[in-house]
Amino acid sequence: MRDGLVQLLVDRGFVVTDAVSEPDALRRSVERDCPDVAVVDIRMPPTFTDEGLRAAIDLRNQHSGLGILLFSQYIETRYAAELLADDAAGIGYLLKDRVADVTDFVEALVRVASGGTALDPEVVTQLLGASRRADSISVLSAREKEVLSLMAEGRSNAAIATELVISEGAVEKHVANIFMKFDLPVSQSDHRRVLAVLRFLES
Amino acid sequence: MISEDLETRLRGTVGTILREPFTKRTWSEFWFLVLGAALAFFGIAFVGLTMVVGVVFAITFFGLAVIGLSLRGARGIGRIQRGMARGLLGEQIEDPDPFSPRPGFLGWLQSALRDRTGWRSMAYVAVKVPLAIFGIFTAFSVWFDAFTCLTYPFVGGNQPSEFGLIRVLFQPGYFSIGGPGWLHGAAIFFTGIVLFLVAPWAVRAVIYVDRFLMQALLAPDAMAIRVRSLEHARAQTVDASAATLRRIERDLHDGTQAQLVALAMRLGMAKEKLADPDNLDLDQVRELVNSAHRGAKETIVELRDLARGIHPPALDIGLEGALSTLAARSTIPTDLALSFNDRPTPAIEAIAYFCVAELLANVAQHANASQASVTCAQHGRWLRLVVRDDGIGGAQLSKVGSSSSGLVGLTERVHAVDGRFDITSPPRGPTVVTVDLPLHA
């Protein structure tokens, strides 16, 4: 799995500074190479529960510019919440399956590396489903819900426009509507938007 | 020779008799007699009162609740009694399981009324009262009279007061030899000494009966012990099956799933390369497809091994066939001797199979053996498995490590069905593991 990923990234023109199998080696490696982004599996030795997540949170506290893409076989909403606790900038949380769609995966990785956010659609679905604001979500139109999901994943307006095959202006209108209906402060940067939406869904 | 021996023994006995009234044990027993009697009277008063009220109102919840309280109280009295026995007599009486009522008032009531420990404690109180009365009129009265006789010459008076057994046996006035005077006083004092020497043994005799009663009524009975061991076994089974599920999840997660993700990733890369015909590098694509193909085949093998670990398909044809396959597949030459007529239940077959599989794997990995044998024979309603090897021995259950943690897991599975797991493995061998399993679990 790790070898395959390295091969994929090299193939796509990334520079892979290191590939390691346990949290301490990860910390040392980041310390030494100062990469743009670290791809971290949530389960790592010794107990294979959430060592990867712990290491990721530590790394974020120590290296402010470092993007972290967490990789997992399952989506646990609690993990996402812990990770996004104070900032959504440079955070990604994806199911491992997403690597099969190479282009989407690479896009997400680039987004995280450049300080954006990439949340798995699964995370967003869980948050939308589990939200106690289910009634407020029902005031959105079908299109607005689609836009909300993509926005929560961390996509920019341009990316949402491409995905839904509509104009960027239309997306901006939908986003403004969503923020108005939810009574959220309008924010320009993409990752602040994500955080605002998530906070709203979790509250 | 003989007379000397007799003299030694006689001297020993006399010494014991003379020393006994001054030992700690004697006085502990004396206090146990007195405090035990007090507790018994308090207990019968409490139980009697609450039970009468409870039975009178038994038609209402109030009455049942009072009976429940009575039983809870009896349990408490039993606990105090056990504590006294432990503290004063050094008698170890095992504590019954603590009262753990089901939630809610009705749950509490039901649990309290069905509390065997409570009922048995109540029975103890009921039986203890006559014993306590008996003890006071016999054993205690000896102490009492010894005391009055010994103090009589110094306190004076007409007659030492008499009480209990002594009074009944000797009638009032047996002390009055020769009327008042120094001879009279000396005779009474001497009687006091005799009683003083007898008293410890009288108390001990009564307490002997009480020890028996306490063991019979205040310790957990055979059924409670059986229930406890079954509960323990059940907990182990539940834990073991949870651990098994966890292991399977781990294997699926770290093995199969990861391999499938890698497979999908390679195919995804190949697909994207094929979608761009202008810069097509066929060698690269071929390499990607090749490694994906290899990965798919490895995954199939892993998945098959995993499935076999959950339920060996060989067992579908029966334990005989499955064990033959195991013996044949073992890397150490293995003799197999099977003799059973009745087919065990599937759960037992699975346990037997996993025992033999794990033990043979251990033999191959650790024993450094040249020969192994497996026998599986039916003895009535039991199945006895013996796995033997001529290796270096030294296998242990307690050792921490991959091989022996497997053994611990096996013993837990075997104990869960009331089986027995025995291992003898002296240094330099040979190792013999004997597993007894019931045919039907």
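1. Chain B contains twelve helices and five strands, where helices (H or I, at least four residues) and strands (E, at least two) are DSSP runs, numbered from the N terminus. This is a predicted model, in which local features need pLDDT of at least 70, side-chain atom pairs count only at pLDDT 80 or more, and totals for chains, interfaces and linings use all residues. Residues are numbered from 1 along each chain as its sequence is written, while chains are lettered from A and ligands numbered from 1 in the order in which they are written.

2. Of the 441 residues in chain B, 26% are buried (20 or more other C-beta atoms within 10 Å of the residue's own; exposed means 12 or fewer, partly exposed in between; C-beta atoms are placed from the backbone). Among contacts in chain B with a separation of 6 or more, 71% join residues 24 or more positions apart; a contact requires C-beta atoms, placed from the backbone, within 7 Å.

3. Helix α1 of chain A spans residues 2–11, and its residues A:Gly4, A:Leu5 and A:Leu8 are buried. These residues lie on the same side of α1(A) because they cover an arc of only 100 degrees around the axis, the arc being that of the directions from the helix axis to the C-beta atoms. The opposite face of α1(A) bears the exposed residues A:Asp3 and A:Val10. The buried residues pack against β1 (37–41) and α5 (102–113) of chain A, together with α8 (222–274) of chain B. Just after α1(A), A:Gly13 has a positive phi of about 90 degrees.

4. In chain B, α10 (residues 319–329) and α11 (residues 346–367) pack at an angle of about 10 degrees, with axes 10 Å apart (axes are lines fitted to C-alpha atoms, for helices over the stretch in contact; angles run from 0 to 180 degrees between N-to-C directions). The two helices are therefore roughly parallel, a term for angles under 35 degrees.

5. The largest nonpolar core has 63 residues, and A:Val40, A:Leu69, A:Leu70 and A:Ala152 have the most contacts inside it (a core is a set of buried Ala, Val, Leu, Ile, Met, Phe, Trp, Tyr and Cys residues joined through C-beta atoms within 7 Å). With seven residues, α8(B) gives the most to this core. A second, separate core of 30 residues includes B:Ala322, B:Ala327, B:Leu360 and B:Val374.

Definitions and conventions. Contact = placed C-beta atoms within 7 Å. Parallel < 35°, antiparallel > 145°, perpendicular 65-115°, else oblique.
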